[in-house]
Amino acid sequence: MIDVRDLVVSYGTATALDHVTLTVGRGELVALLGPNGAGKSTLANTLAGLIPPASGTVSIGGRLALIPEGRQLFPDLTVADNLALGGWRSGQRDPSPVYDLLPRLAELAGRRAGVLSGGEQQMVAFGRAMMSRPEALVVDELSLGLAPNVTADLAAHLAELNRTQGLTVLLIEQNARLAFDLCRRAYVLESGRVVTEGDCADLAGDPRVASAYLGGAIT
Amino acid sequence: MSAFLTYLLNGLAVGCAIALIASGLVVIHRVTGVVNFAQGTFAVVAGLCTSSLLGMGLPHGLSEVAAALVAALAGLLTGLAAIGRRGTTALSALIITLGVGVLAYAVEIMLWGDQPRSAPGLAGSVIVAGARIQTQHLLVIGVTAATFVLLALFFGRTYLGKALTACASNPYAARVVGIDIRLMGLLAFALGGLLGGLAGVLVTPLRPISFDTDVTLIVNGFAAAVFGALTRPVITLAGALLLGVAETMAAGYGYGSHQLEIALGLMIVVMIVQAGRRSAITQEST
Amino acid sequence: MIRLVAGLLVAAVTLALPAVLDDSALAVYILLGLAAMVTVGVSLLMGYAGQVSLGQGAFYAIGAYTAALLALGGVPPVAGLVAAPVVAAGSALVVGVPLLRLRGHHLAFATLAMQLILLSLAGQLEFTGGDIGLQAIPQFSVGSFEAGSASAYAYLTWGGVALVMLVTHNVIASRPGRALRALATSETAAASSGIPVGRYKLVVFALSAAFAGLAGGIYCFYTGYVAPGSFPVLISIQYIVMAVVGGLGTIWGAVVGATAITLLVQGLNSLAALPGMPSYAPSVLSYAVYALVLIGVVLFLPQGLLPAVAGRLSRRREPVRTR
């Protein structure tokens, strides 16, 4: 579904992604871990077609939507309008399918997105991405700045969509515990390179990964 | 009293024309971040076109609409020069629109000469509460009011209008959902051209227009737009009406020779006060 | 070494030209020098302080009116010529304190407004002669020597250009000058590294005004006549075109830009004066040239003509390295 080969992305002279190769199969839930500045968001933006690759190939086998880092809503517009604009590509302007999925959004429909809480904003960003009826979803920092129960709720929705609709998910996270709970496979990105990849179970047992991302051995 | 009312209504008409120019500036600036120096040019182009089209025997209405559409096309071309090339900064774009304004001088002089031209508008006048007001003034006020209502509906109610607002609100997010922000920027320039053209069409019957009238129009329009920090249409409208009334009153009560200084001085003061407030906010937030 | 020879060559040609040019060519030569003087200041302001002034013509006018009023009041012309840049710089300091709180398009419009207000006042006030302006300004003189010929004004003008370039060179080479470089790229970064951004900006603004004032002073003695119509808004735009064409923040670039644009417009003017050309041809051609050159350079040569050519030459000299 997502197939990245030898991807190089640079900003001027600085190289943000250095020969990254990564695949996410159809219906798979894959995590991408890494510290700040590793190039995770650059990869997310490149997958969404917002940054051109310097070399290498990115092929996407279907409709892909991005939930960008920091929500990135339209703060001056209402929730309903934010959702409607999410359907810009797909032509779907009626948000009711998303209201069925996330009923809380129907209650917030008339509110301005800028005044919502972080969790509510993340839910709007989630709903807005779903408006494009994606087959693959790239989620950049789902848990950042959110309370654990809010994160768990959103993660449950992702898992549900994956199970029922076969939604492909690339979860870009700093919170490895959440990633390992949700995904089977993971990649670790550091300084623009993929340093480790494998099954989450193996990675969680890897002492280097455990000390870097789980704050010590997994319990 | 009736003199006061006459000045007030005339001033409102002048303010409405300024408001149309200013609203074009605001639309373009909101969506693209560019201050369009050629905004006055659109009005001049439309005004000169109207006088020619009417002179060629085209009927009223058709001539004015065609002239405004020519201005919209001029807006689109200006946009192509200003934001068509990737990586043009907002300040470079301002200098480019300055260049477009000067280029328009060359074209306008070639097509219409360098003498002011006028166009017939609505003839006659009506008495409103004891004050005589030209029908054309009423037309200006009416068309401006309708335009602002339509603009509000367009930006607040239509999908395309919301997409334009989205570009202004968060350009990155607009790209995330797949909106082509450069295309939206060009649309904003065309809309700005249309609004400027509308101003030109309405004003030409009131005061003759020549190729270099654009400087007066743009500084007045910018002064009004500055009231609304170049982003808020309603405050811009209020600022434009205030400016129009103040200038007309100044002229009416014998200070006419100083009306430009009053308007420009006011604009500078507003900008400096706003700059002071902005820097206070940034200092607090850091 | 090459630079020194080239510099001496340019100086020699500059000095020799007044002797060989006829009066109409000298007029172009003088106006070119005056424009170069102002453009060096505009280039300094835009390239080093990162500010666009659409009102540089105002300081040119202030210099011209100052020198003219003093000379008409019986003050020796030398004193008038010295006063022109001083008064222009003083005005820049006064208006600069509030105006330089503005940036980008706000400052551009504020400086444009400043020039429009000044022109409007000059056109209305009694002592500036209203729209008619000031006439019969005496010739420039130092002691018993009177500058009666165009070539004398050419020397005076280019002496002024040399002075302006020297001052600018010293400003750029000084420690504050290097700090100013940082200002143009990032004001916040400059401020956080302890550079007194506001004061430096004000000084550059005043300096650029002084250059314009000096040019205005020479202009009024040369033409013997000043009026609001001599300083249209377009003149300020013209300086921006020249500065952008030459390359912002380069001293020689400003002179090259002024020369290129002046000669181009002059050439087109003689073309437009050919029989069979319509009467509007001169103004149409000069507007078109200003506009197309400005747009073209901003879009395709954002560094300006001189740095672009110099860059290409040095690239040709060095072997091209591939990454």
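Student: Okay, and which strand does C:Phe145 lie in?

Tutor: C:Phe145 belongs to strand 3 of chain C, residues 145-146.

Student: Let's zoom out. How many helices and strands are there in chain C?

Tutor: Chain C has 13 helices and four strands.

Student: And what does the radius of gyration of chain C say?

Tutor: It is 20 Å, and a compact globule of 323 residues would come out near 20 Å, so the two agree. Along the principal axes, the C-alpha atoms of chain C fill a box of roughly 65 × 50 × 45 Å.

Student: What share of the residues of chain C count as buried?

Tutor: That's 49% of the 323 residues. As for contacts in chain C with a separation of 6 or more, 77% of them involve residues 24 or more positions apart.

Student: Now confidence. What's the mean pLDDT of chain C?

Tutor: The mean is 84, and 92% of the residues of chain C reach 70 or more. Element by element, helix 3 of chain C (residues 56-72) has the highest mean pLDDT at 93, while helix 13 of chain C (residues 305-317) has the lowest at 66.

Student: Where in chain C is the pLDDT below 50?

Tutor: Over residues 318-323. In the model, that stretch of chain C has one contact beyond near neighbours in sequence. Where pLDDT is low, the predicted coordinates should not be read in detail.

Student: Noted. What does the model score on ipTM and pTM?

Tutor: The ipTM is 0.92 and the pTM is 0.88.

Student: On to the interfaces, then. Which chains have the most contacts between them?

Tutor: Chains B and C, out of the two pairs of chains that touch. That contact takes 33 residues from chain B and 33 residues from chain C.

Student: On the chain C side of it, which helices each supply at least two residues?

Tutor: Helix 5 (104-124), helix 10 (233-246) and helix 12 (281-300) of chain C. Helix 5 of chain C provides the largest share, twelve residues.

Student: How do the residues on that side of chain C divide into nonpolar, polar and charged?

Tutor: The side of chain C that touches chain B has 26 nonpolar residues, six polar and one charged.

Student: And the contact between A and B, how many residues does it take from each chain?

Tutor: It takes 18 residues from chain A and 14 residues from chain B. On the chain B side, the elements giving two or more residues are helix 6 (159-169) and helix 7 (171-176) of chain B. Helix 6 of chain B gives the most, six residues. The side of chain B that touches chain A splits into eight nonpolar, four polar and two charged residues.

Student: What about chain A and chain C, how far apart are their closest C-alpha atoms?

Tutor: They lie 11 Å apart, and no contact joins chain A and chain C.

Student: Last topic, strands in chain A. Which strand partners does strand 8 of chain A have?

Tutor: With strand 3 (residues 29-33) of chain A, strand 8 (residues 185-190) of chain A pairs in the parallel sense over four bridges. With strand 9 (residues 193-199) of chain A, strand 8 pairs in the antiparallel sense over six bridges.

Student: What stands opposite A:Arg185 in those neighbours?

Tutor: A:Val30 stands opposite A:Arg185, and in strand 9 of chain A the bridge partner of A:Arg185 is A:Asp199.

Student: And which residue takes a positive phi in the hairpin of strands 8 and 9 of chain A?

Tutor: A:Ser191, with a phi near 45°, in a hairpin that has two residues between the strands.

How values were computed: Residues are numbered from 1 along each chain as its sequence is written. Chains are lettered from A and ligands numbered from 1 in the order in which they are written. This is a predicted model: local features need pLDDT of at least 70, side-chain atom pairs count only at pLDDT 80 or more; totals for chains, interfaces and linings use all residues. Two residues are in contact if their C-beta atoms, placed from the backbone, lie within 7 Å. Ala, Val, Leu, Ile, Met, Phe, Trp, Tyr, Cys and Pro count as nonpolar, Asp, Glu, Lys and Arg as charged, and the others, Gly among them, as polar. Two strands pair if DSSP finds at least two bridges between them. The radius of gyration is taken over C-alpha atoms; the globule rule is 2.2 Å times the number of residues to the power 0.38. A residue is buried if 20 or more other C-beta atoms lie within 10 Å of its own, exposed if 12 or fewer, and partly exposed in between; C-beta atoms are placed from the backbone. pLDDT is the predictor's confidence in each residue, from 0 to 100.
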